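Please follow the chain below in a guided reading, taking its pairings, its packing and its surface in turn.

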Amino acid sequence: MGQISTQSYRAKLVANDIILDTFNDEDLKISNNVTNLFDIGTIPAEFSRTIMLPGTKVNNAFFEHVYDISIESPDNFASNVKVPAYLDFDGIYAVNGYIQLNKVSLYENRYIESYEVSMYGSISSFSRDINRAYLTDLTTLSQYNHTSSLANVTGSWSNLLFSGTIVYPMIDYGSGWGYTAGADTTGIDDTAGAMTVQDFKPAIKMKTVWDAVFQYTGFTYSSSFMAQDFIDDVYMVLNRELKYPKYSNVNLETYGKIKIGAISGSNMTDLPLTNNTITQLPWYNTQYDPQFFVGTNASYEVERSTKLEGVLDMTVSLSGSVNNLPTDWKLCMWPTGSAASTASAVDLTTFSDFFTQLNESRTGGINQEYQLATKFTTPILNPSYYYFGLYHGSYASGSAVDVVLDPKGKPKSFVEVNKVKYAADFRVLDIPSNMPYGTNGIKLVDWIKGIQKKYNLVIYPDKRNSNQMIVETFNNWYNKGTVKDFNKFININEKIDTIPANNLAVNKLTFGDSLDTDYISQQFAKAQNRKYGESFFTDTQNFFSQGEFAVQTTFASSPLRYVDGTGLSGSAQPTITTNKIFVEDNYFSTEQIVCLGSYYDNTYRVTQVTLKDAFGNTIINYGDDIIVTVNYTFQPCYGGSFTTPVQITIPNGQSTNGNYYASIAYVDCGYGGCTIEQQSANCVYSIIGPTGLAVASYSPIQPC
């Protein structure tokens with residue numbers, strides 16, 4: 001129960017260790033209600049009162065004649081700063097906080113009548129500070145900025161990224177992944193449906209953000225609750241917005257996305273597709289290109305080595321008298337300035353299978369129009385502008401049917417790029433700007449209140465330190481309570497209201513988090529008819545309890561599950577780019593030399609070091625220099641062999657480099673004739689580069 005009354009004992013107002021004079025006829029009413037401990041977002045919280053102070057010598061000296069508008073120097077009392085203060089009730093510090101000067105009442109600019117000040121508890125000061133800032137203002141969290149890469153994503157699963165402060169959970173943010181590949185579908189366990197670095201958003205330890213909030217406000221805290229082991233395993237997902245992480249100077253939501261098609265009546269429709277020939281698509285109708293990736297002649301710009309994911313939708317007419325429908329369909333891409341090539345072609349197996357089955361089920365001629373669509377994933381394309389083209393073969397030998405794209409002048413076909421798969425790789429991820437934002441920003445006060453509700457915490461000021469808070473569970477706080485005798489402060493002549501606690505009891509308590517929009521949470525709610533993590537308590541002992549009280553936090557909890565066929569030790573490695581080093585040693589050239597008047601052939605070789613992705617495609621190094629040390633066995637002409645190391649560097653912006661050396665050389669060793677010296681690449685001694693980078697298992701030169 002709570003009591004509110006008027007004290008009859010004069011309290012001392014102490015500010016900056018100075019006892020200020022007060023009016024003898026002013027009563028100061030205070031209320032200490034435990035509900036304030038749970039609603040730190042109430043501004044002002046804990047305590048707030050307006051107090052009138054007389055214009056005495058003590059008070060005038062304290063406020064430094066702030067009333068005198070004629071004084072310019074030295075500076076008067078700083079009315080825009082917090083002045084530490086407390087109320088002393090005969091040795092009991094009831095309120096510890098600060099005062100703020102509101103106004104000065106005076107006569108003729110000389111005689112002070114009174115000072116009006118507001119006094120706030122320490123909680124109020126803390127609440128005001130966290131009510132003005134947002135999670136994105138926690139710039140101290142920039143110490144956890146890092147490069148988005150495979151090494152950091154997978155390394156976080158083993159606490160290798162900032163000692164576990166940052167981890168990358170596998171969460172679907174709207175991509176609609178299939179977990180397992182089927183006969184007609186792709187999944188994250190195969191190459192076509194693979195997750196890439198940009199599909200992961202980081203999560204940060206809750207306690208790390210908690211500490212950053214206190215650091216931002218200039219307050220400290222003591223808490224046995226926050227020191228518990230389980231708190232170290234509580235993470236908050238940095239889901240700022242939409243599907244992908246937020247990076248400076250680039251928007252991954254629309255990065256590289258385009259849609260192009262034909263324009264009617266402009267030689268783009270009724271386009272013949274010649275058998276066994278690549279036909280460039282003259283599609284100059286740019287239907288979608290928010291970041292201007294479409295160049296001249298319907299070309300597409302690739303800014304960094306990457307795979308592309310998209311959709312091809314084509315309408316074709318087939319006519320002919322024989323049953324030889326087009327198969328072996330390919331979507332081709334080749335750099336501008338180069339001849340059309342199937343080197344970067346995508347096999348359109350859906351189209352090929354469809355026409356193969358049609359060939360086997362039909363007899364006679366054909367005159368038919370078909371509309372077909374398929375998803376595609378290209379091989380890795382190096383930076384350049386690329387043209388799109390279509391290729392098809394024939395089902396059987398003999399005359400092929402006529403194939404026309406977009407017949408009858410109707411521009412229905414299009415090609416769409418909806419994902420640049422390596423768009424995030426090697427970009428710097430800024431933690432503060434990726435903090436959850438909501439619609440208009442999430443205030444620090446709301447975040448703190450969510451933690452309070454979730455763990456039933458109380459936050460109150462340390463009486464011995466005005467800038468320190470004590471954080472503990474309600475039960476611990478209650479059990480630490482001591483009995484104070486306040487009888488001498490209570491005016492028993494005033495009315496005192498006492499309400500029995502049973503009259504305030506509710507019949508049903510509901511505890512839980514907010515319902516998130518992620519797939520698993522939604523499915524759980526539909527199946528169980530409740531939110532994940534929600535629990536209920538019903539009072540069966542109190543006859544008079546009634547109503548319901550719900551405690552709902554501002555957070556959302558989601559069940560985590562292991563998906564069969566995924567994980568670092570399972571099939572996760574081929575789903576995201578795992579770069580490898582490929583080392584080979586090949587013949588280079590032969591040079592004829594003269595040694596002691598005779599002709600000999602020196603043979604030269606090159607040890608080539610190449611950066612490749614998980615699928616064996618050569619890619620460009622966009623990170624720091626990669627240094628590969630290769631050990632060579634050297635047999636000099638004077639006898640005895642030894643090992644010598646050579647460093648081969650793949651610098652930023654390149655994909656390969658080599659060491660050219662003489663594998664067989666004839667030299668004069670002083671023995672009256674020319675002798676052979678031999679050198680050969682033996683093994684890879686070390687790799688200096690991103691964490692997890694290793695020699696490919698199919699590399700001709702293996703680790704030592």
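In this predicted model, strand 15, which covers residues 271-272, and strand 24, which covers residues 402-405, pair in the antiparallel sense over two bridges. Within that pairing, Leu 271 stands opposite Leu 405 of strand 24. Strand 24 also pairs with strand 19 (residues 308-320), again in the antiparallel sense, and here over four bridges. Leu 405 of strand 24 takes part in this pairing as well, for Val 316 stands opposite it.

Of its 704 residues, 43% count as buried, and the chain exposes about 35800 Å², of which carbon and sulfur atoms supply 48%. When contacts between residues at least 6 apart in sequence are considered, 74% of them join residues at least 24 apart.

Another place to look is an open sheet of three strands in the order 10-11-13, where the pairing is antiparallel. Strand 10 (166-167) and strand 13 (235-237) stand at the edges of this sheet, and because each has a single partner strand, one side of each is left without a neighbour in the sheet. Strand 11, made of residues 203-205, is joined to strand 13 by three bridges, the two running antiparallel, and Lys 205 has Tyr 235 of strand 13 as its bridge partner. Helix 4, residues 206-217, packs on the sheet and touches both strand 11 and strand 13, with a direction that makes about 65° with that of strand 11.

A further open sheet of three strands has the order 30-29-31, and its pairing is mixed. At its edges are strand 30 (535-538) and strand 31 (548-556), each of which pairs on one side only, and neighbouring strands of this sheet are turned against each other by 10° on average when direction is ignored. Strand 29 (residues 508-514) runs parallel to strand 31 and is joined to it by six bridges; in strand 31, Glu 548 is the bridge partner of Lys 508. Helix 6 packs on this sheet, touching strand 29 and strand 31, and its direction makes about 125° with that of strand 31.

Which residues does Lys 453 contact, once its neighbours within four places in sequence are left aside? Lys 453, which lies in helix 6 (residues 444-455), is then in contact with Val 551, Gln 552 and Thr 553. Lys 453 and Thr 553 are 100 residues apart in sequence, yet their C-alpha atoms are 5.7 Å apart in space. Lys 453 counts as partly exposed because its relative accessibility of 44% falls between the 20% limit for buried and the 50% limit for exposed residues.

On the surface, finally, Tyr 638, Phe 642 and Tyr 671 form a nonpolar patch, which together has about 390 Å² of accessible area. Tyr 638 is placed in the loop between strand 34 (626-635) and strand 35 (642-650), and Tyr 638 counts as exposed because its relative accessible area is 56%, while the class begins over 50%.

Methods: Residues are numbered from 1 along each chain as its sequence is written. This is a predicted model: local features need pLDDT of at least 70, side-chain atom pairs count only at pLDDT 80 or more; totals for chains, interfaces and linings use all residues. Side-chain values use heavy atoms; hydrogens and water are left out. Two strands pair if DSSP finds at least two bridges between them. Contact means heavy atoms within 4.5 Å. Axes are lines fitted to C-alpha atoms, for helices over the stretch in contact, and angles run from 0 to 180 degrees between N-to-C directions. Patches are made of residues with over 30% relative accessible area and no salt bridge: like charges are joined within 9 Å, nonpolar side chains (Val, Leu, Ile, Met, Phe, Trp, Tyr) within 5 Å. Accessible areas come from the Shrake-Rupley method with a 1.4 Å probe; for residues, only the protein chains shown count as cover. A salt bridge is a side-chain nitrogen of Lys or Arg within 4 Å of a carboxyl oxygen of Asp or Glu. Buried means under 20% relative accessible area, exposed over 50%, partly exposed in between (1.4 Å probe, protein chains only).
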